[in-house]
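Thanks for coming. I will go through one structure, a few places at a time.

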Amino acid sequence: MSSRIFESLIYWRDVKKSGIVFGAGLITLVAISCFSVISVFAYLSLLTLVGTVAFRIYKSVTQAVQKTNDGHPFKEYLELDLTLSQEKVQHIAGVAVAHINGFTAELRRLFLVEDIIDSIKFGVILWVFTYIGAWFNGMTLVILAFVSLFTLPKVYENNKQSIDTYLDLVRNKLTEITDKIRVALPIGNKKPVAAAESEKDK
């Protein structure tokens with residue numbers, strides 16, 4: 001359910017909801033980049049509290065004047081079940097552990113040069129990140145990632161065919177270059193297990 005909600009937001013299925021989430025998130029991130037996290041959290045919480053108190057008073061006055069009995073204006077939200085079940089927590093923990101284990105294993109494989117070509121690629125990526133780090137600070141990268149999250153999926157969805165064509169060209173070119181490098185570096189070649197066993201038998 002949550003994944004569908006997230007998908008509908010980043011693909012702008014409901015422009016109003018996506019706009020609210022995008023605007024609020026961007027304002028919060030920009031504020032955090034200018035002020036401390038504690039100050040931003042305190043001011044946003046205070047602003048939210050003032051808004052809810054004002055709306056609560058307004059609805060109470062309106063109900064008193066019109067002599068209606070609509071009840072609490074936030075009743076729908078107060079009755080929402082926000083508790084996390086043990087099964088849900090275990091599922092989230094299991095997914096997190098699986099990702100952490102996979103990430104750790106991949107880092108070990110790259111740093112200990114299991115495949116020299118993959119390690120060289122990783123080194124190039126790290127080298128690029130040194131320049132990115134010199135140009136942007138961490139908060140700027142978070143803001144750019146957030147903006148990209150709400151723009152790139154929609155752009156890709158609207159131009160899927162042409163983007164896939166260019167990506168295939170780039171992917172094929174990179175594969176061709178990688179294969180040439182792998183041939184040029186004998187240390188990067190891996191003999192299949194079956195081939196190695198057949199040579200041993202000979």
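Start at Leu9: apart from neighbours within four places in sequence, Leu9 is in contact (heavy atoms within 4.5 Å) with Lys17, Ser18, Val21 and Phe150. This is a predicted model, where local features need pLDDT of at least 70, side-chain atom pairs count only at pLDDT 80 or more, and totals for chains, interfaces and linings use all residues. Residues are numbered from 1 along each chain as its sequence is written, and side-chain values use heavy atoms, with hydrogens and water left out.

Leu9 also belongs to the largest nonpolar core, six residues in all, with Phe22, Leu29, Ile143, Phe146 and Phe150. A nonpolar core here is a set of buried Ala, Val, Leu, Ile, Met, Phe, Trp, Tyr and Cys residues joined through side-chain atoms within 4.5 Å. Buried means under 20% relative accessible area, exposed over 50%, and partly exposed in between, with a 1.4 Å probe and protein chains only. Helix 2 (15-34) and helix 7 are the elements that give two or more residues to this core; helices are DSSP runs of H or I, at least four residues, numbered from the N terminus.

Next, Asp115. Asp115 sits in the loop between helix 5 (86-111) and helix 6 (116-135). Is Asp115 buried or exposed? Asp115 counts as buried, because its relative accessibility is 9%. Its side chain makes a polar contact with the side chain of Arg182, at 3.0 Å. For a polar contact, a pair of N or O atoms lies within 3.5 Å; within protein, one must be able to donate a hydrogen and the other to accept it, and residues adjacent in sequence count only if both atoms are side-chain atoms.

Last, Val124. Val124 lies in helix 6 and counts as partly exposed, because its relative accessibility is 45%.
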